[in-house]
Amino acid sequence: MASFGKLVTHHSSEEGKESFDGTMLSDLAKNGSKIVTCAGLLFAGMVDKATDFAHSNGGGGCSSDQSPWGRDPKDDDRIWALKCLHQAHKMMKPVPVKRAETFSRGRRR
């Protein structure tokens, strides 16, 4: 029981919370209803609507460098729902900001 107390104390501290930053668990706690809505659209086969939803809610959609995904004929509804949830989680992440070029044609912008 003492080790459980240490675990709870560790994860309720700021240092412990940082270990969850960027994880699906953390993102679901912060933005769960939007992620689940996007997953529901994917589950229903409305990929374009899911992408539009992600974009309109601050997500970046999906980059083309991500591995392809889709429903395998062997997937039951539970497996498919989990795949949709994982994909929606990726889609709802903000687009990473790329550093702007500071020089263009030898002149500073």
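This briefing describes the salt bridges of the structure shown above. The model is predicted. Three salt bridges are counted in it. The pairs are taken in turn below, each with the accessibility of its two partners.

**Asp27 and Lys93**
- A salt bridge joins Asp27 to Lys93, with 2.9 Å between the closest N and O atoms.
- Asp27 belongs to helix H3 (residues 24-43), whereas Lys93 sits in the loop between helix H5 (77-91) and strand S1 (103-104), so this contact ties together parts that are 66 residues apart in sequence.
- Asp27 has a relative accessibility of 15% and therefore counts as buried, the cut-off being under 20%.
- Lys93 has a relative accessible area of 31% and is partly exposed.

**Asp77 and Arg71**
- Asp77 pairs with Arg71 in a salt bridge whose closest N and O atoms are 2.7 Å apart.
- Asp77 is partly exposed, because its relative accessible area of 47% falls between the limits of 20% and 50%.
- Arg71 is likewise partly exposed, at a relative accessible area of 40%.

**Lys83 and Asp75**
- Lys83 forms a salt bridge with Asp75, and the closest N and O atoms of this pair lie 2.7 Å apart.
- For Lys83 the relative accessible area is 31%, so this residue is partly exposed.
- Asp75, by contrast, is buried, with a relative accessible area of 14%.

Notes:
Residues numbered from 1 in each chain as written. Predicted model: local features only at pLDDT ≥ 70, side-chain atom pairs only at ≥ 80, totals over all residues. Heavy atoms only, no water. Salt bridge = Lys/Arg side-chain N within 4 Å of Asp/Glu carboxyl O. Helix = DSSP H or I, 4+ residues; strand = E, 2+ residues; numbered from the N terminus. Buried < 20%, exposed > 50% of the residue type's maximum accessible area, 1.4 Å probe, protein only.
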